[in-house]
Amino acid sequence: MITAEGIGTALRERGLLRRIEGEQGGKEIGWLTSDSRKAKADTLFICKGAAFREVYLSEAAKRGAVAYVSEVSYARGKGLTGFVVSDIRKAMAVISGVFFAYEPGRPQLTGITGTKGKTTTAWYLKSMLDEWKREQGEPETGLLSTIQNYDGENWEDAVMTTPEAPELHEFLARARKNHVSHVTMEVSSQALKYRRVSGIQFQVGIFLNISEDHISPVEHEDFEDYFSAKLSMFRQSEAACLNLDCDYAERILKAARKAGKIVTFGHHPKADLHCCEVRVQDEHISFRVKCDRFSERFQLAMKGKFNIENAMAAIAAGYVYGIPVHCMQRALAETLVPGRMETFSTKNGKICGIVDFAHNRLSFEKLFDAVFQEYSSYKKIITVFGCPGGKALNRRRELGIIAGLFSDHVVITSDDPGLECQDAIARQVRGYVEMTGCMCECVEEREEAVARAAEIAEAYGEKTMILLLGRGSEKFQKIGTDSLAYPTDSELMRAAVQQYDRAETHR
């Protein structure tokens, strides 16, 4: 338990406290939240966000809040201790770390950033760590990912890629209590820009790749803002693992000098962990890794040659941690990630559906490359995808053009339209698809769009690939101001394939 006085001291020591309003006294802080609905007795309420309204503070007070932190004074905070700070985002991170008694290295943290591949890399590394810990008779390791989170006791569906500071520190405190030795986590550019991970020390920081994404008025103003946010992770990393094959590798290397140690990976001949002798045989992908400690072959359970990059990143982190090679090999040979390169085939093999989270230019390009190389027997490609409302606006043009160039037919559907009109988003994307000369149509309901793709595939009469992209295993869609339950893409594709098979048996 910490007192209001302790909160004030922590903020003052970090130069964030402008003034304190009301009496501090010996008030004990028993909880903290930025969601007024979750306030309870002895809560410190955090007033943050562009959508914040003073009425939220009143609601928190009614529920038992005794203090608040904000960048401005609030009349409705009368009777509460008010901490007025210069930067609410930095203050959130400081308060969260103090309240949940954050201890660097307990558990040991791996942060993974990049435009694509964060989730797969996180699952790969967690599997490697789990294999290692299992041999030592120790508990399973933790995970913070876009799909699910695990704190050593409970698995929960993720709400966002990287939680806000209070939720992040609460998670780390639970993991520490559950004797979790390592946590592997995805670190988004938004988490870095808005200080969600400020004060966190990563024992390993992984930089996968970089490509323009998340450019919009509510995300990053331009590519430089996006790139710089990601590079900032090295300032809080003890060791940096980075991909020498990615764009801007030289600039990333320079930024990585802020870390205490640098380990490079990739096909590049100068990489510390050099990838070579890539083979695709009987639908299995394997490759050799050479470094100063070993020269060994690895095989992936997952399809898609682009996953070699993710595997190499996990191997590089494993190298830093000292994970035995056989543990890394076993993990990669067994690990499948929900909603990533999941395949569904009809019984007669005429239709193959791939569900993948690909949702930006880099991931689209790599996925189509993999399809052409690894599924060459499929003569037609139908792509089903959508673009979100109000953010990542560059995707509409980029994804529309890429899908149009490499598909025979494109079906534009919904993907988190939010407050934007779904029809307007779809028409905009369709314009870019049709610039390439590709057939295109818009089907608003995602379930109907997948069914429509199956109809088109059946009409082709030859082996056809259906790519359902952008959502993977996500269980909700943001429509209007609500997040509504919705079947996952995996469920939709499985249903479409089963429907085709049932129809075939009656022909």
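**Reading strands and their partners**

User: Which residue stands opposite leucine 242 in E15?

Analyst: Happy to start there. Threonine 264 in E15 stands opposite leucine 242. Keep in mind that this is a predicted model.

User: How do the strands around that pair run, and over how many bridges?

Analyst: Strand E14 (residues 237-243) and strand E15 (residues 261-266) pair in the parallel sense, over 5 bridges. A right-handed β-α-β unit is formed by E14, helix H8 (residues 249-255) and E15.

User: Which other strand pairs with E15?

Analyst: E15 also pairs in the parallel sense with strand E16 (residues 273-281), over 2 bridges. Here, glycine 266 is opposite histidine 274 in E16.

User: Now for E7. Which way do its side chains point?

Analyst: The general idea comes first: side chains in a regular strand alternate between the sheet's two faces. In this model, Thr81, Phe83 and Val85 point one way from E7, while Gly82 and Val84 point the other way.

User: Are those residues buried or exposed?

Analyst: All are buried, whichever way they point. Buried means under 20% relative accessible area. Because 5 of the 5 residues of strand E7 (residues 81-85) are buried, E7 is largely enclosed by the rest of the structure.

User: What senses of pairing does E7 show with E2 and with E6?

Analyst: Strand E2 (residues 17-21) pairs with E7 in the antiparallel sense over 4 bridges, and glutamate 21 sits opposite glycine 82 in E7. Strand E6 (residues 65-70) pairs with E7 in the parallel sense, over 4 bridges. For serine 70, the bridge partner in E7 is valine 84.

Definitions and conventions. Residues are numbered from 1 along each chain as its sequence is written. This is a predicted model: local features need pLDDT of at least 70, side-chain atom pairs count only at pLDDT 80 or more; totals for chains, interfaces and linings use all residues. Side-chain values use heavy atoms; hydrogens and water are left out. Buried means under 20% relative accessible area, exposed over 50%, partly exposed in between (1.4 Å probe, protein chains only). Two strands pair if DSSP finds at least two bridges between them. A crossover is right-handed if, with the strands pointing away from the viewer, the path from the first strand over the helix to the second runs clockwise.
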